[in-house]
Amino acid sequence: MFIIKHKKIFISISIVLVLLSVASLFIFGLRVGIDFNGGALTEVVYKVSLPTGQAGRPAQSDLDTAFKALDLGSVLIQPTGELGYIVKSLDLNEAQHILLLKTLSQDGESPLEEKNFNSIGPSVGRELTRKAIIAIVLVSLGIIFFIAFAFRKVSKPVSSWKYGLMAVVSLLHDVIIPIGLFTLLSYFYGAEIDTLFVVAALTILGLSVSDTIVIFDRIRENLKDKTGISFSEIVGKSLDQSYMRSIFTSLTVIIVLLSLFFFGPESKKYFALMLTAGMFFGTYSSIFLASPLLVLVEEWQERKK
């Protein structure tokens, strides 16, 4: 009952975090990657210089300075592995592609091998953006309809569709806050929105709603066995019975994601970090936001009578 008793404090914390995330989005913005804007992605691996055996990869700051002097537009360089770089740029013609590789090799002083080169046109980027938005909207609507159907036999004192609505409110909370954190990564470290970002957002929706449904299902079972206690007491009892399960389940996933962040490939670090944030705040919202919101809705309905 502690959570329900102090529900306004926990809901206020969520509101503040969401507002800060939205403010961060407007202030810092998001750096959109070539998956959506169109452009070129080049991956190179430097060879070990002989006879010293020293790594031949030049310093990133030196390459940044060299590219600023060229007419190639915005160029983002990200280290990968011990000897490689991933370079994201505007779409390149053949001459610009050769110039890019020449600059990366520092006019041949740092021998390299081009491992990958992909070019994505703006029309493909627009299509990916449209499909990403449609996917997120359809997932949200699907969650509302599924929960409304699953809870159709528990329509008192809160209608079944309101369970779905509260779940989606929680999901928005779970996605907006990690996006707010991502704006800081984008501003200070050059992180970009790509297809992995969309995958992370959709994964957060799925993982978070799973926790919420488990708690809602416990509320449903306790409502069936109602013995004269109030709705808020039933919700509080349900949380007491299920919150530790949610915490431990999420903790096991977070440990795996942190392992991916610290020991996984460079290109997957932001993906792992966003999922970690989504799991953390998803667990928080399932326990401290979704169920307390149900109690607020029920109290509001009682005041209207």
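**Exercise 1. Describe how helix H7 passes helix H10.**

Step one: find H7 (residues 160-189) and H10 (residues 269-304), whose axes come within 7 Å and cross at roughly 145°. Helices here are DSSP runs (H or I, at least four residues), numbered from the N terminus. Axes are lines fitted to C-alpha atoms over the stretch in contact, with angles from 0 to 180 degrees between N-to-C directions.

Step two: get the handedness, which is right-handed for H7 and H10 (near helix turned clockwise from the far one by less than a right angle).

Step three: sort the contact residues of H7 with H10, and you get 21 nonpolar, six polar and two charged.

A quick note: this is a predicted model, where local features need pLDDT of at least 70 and side-chain atom pairs pLDDT 80 or more, while totals for chains, interfaces and linings use all residues. Numbering starts from 1 along each chain as its sequence is written, and side-chain values use heavy atoms, without hydrogens and water.

**Exercise 2. Work out which residues make the contact between H4 and H5.**

Begin with the geometry: the axes of H4 (residues 60-68) and H5 (residues 94-104) come within 10 Å and cross at roughly 145°. This crossing is right-handed. Now look for contacts (heavy atoms within 4.5 Å): H4 brings Leu63, Ala66 and Phe67, while H5 brings Leu100, Thr103 and Leu104. By class, that's five nonpolar, one polar and no charged residues.

**Exercise 3. Find the partner of lysine 7 in a salt bridge.**

Searching the whole structure turns up three salt bridges (a Lys or Arg side-chain nitrogen within 4 Å of an Asp or Glu carboxyl oxygen). Lysine 7 pairs with glutamate 299, with the closest N and O atoms 3.4 Å apart.

How values were computed: Helix = DSSP H or I, 4+ residues; strand = E, 2+ residues; numbered from the N terminus. Nonpolar A, V, L, I, M, F, W, Y, C, P; charged D, E, K, R; others polar.
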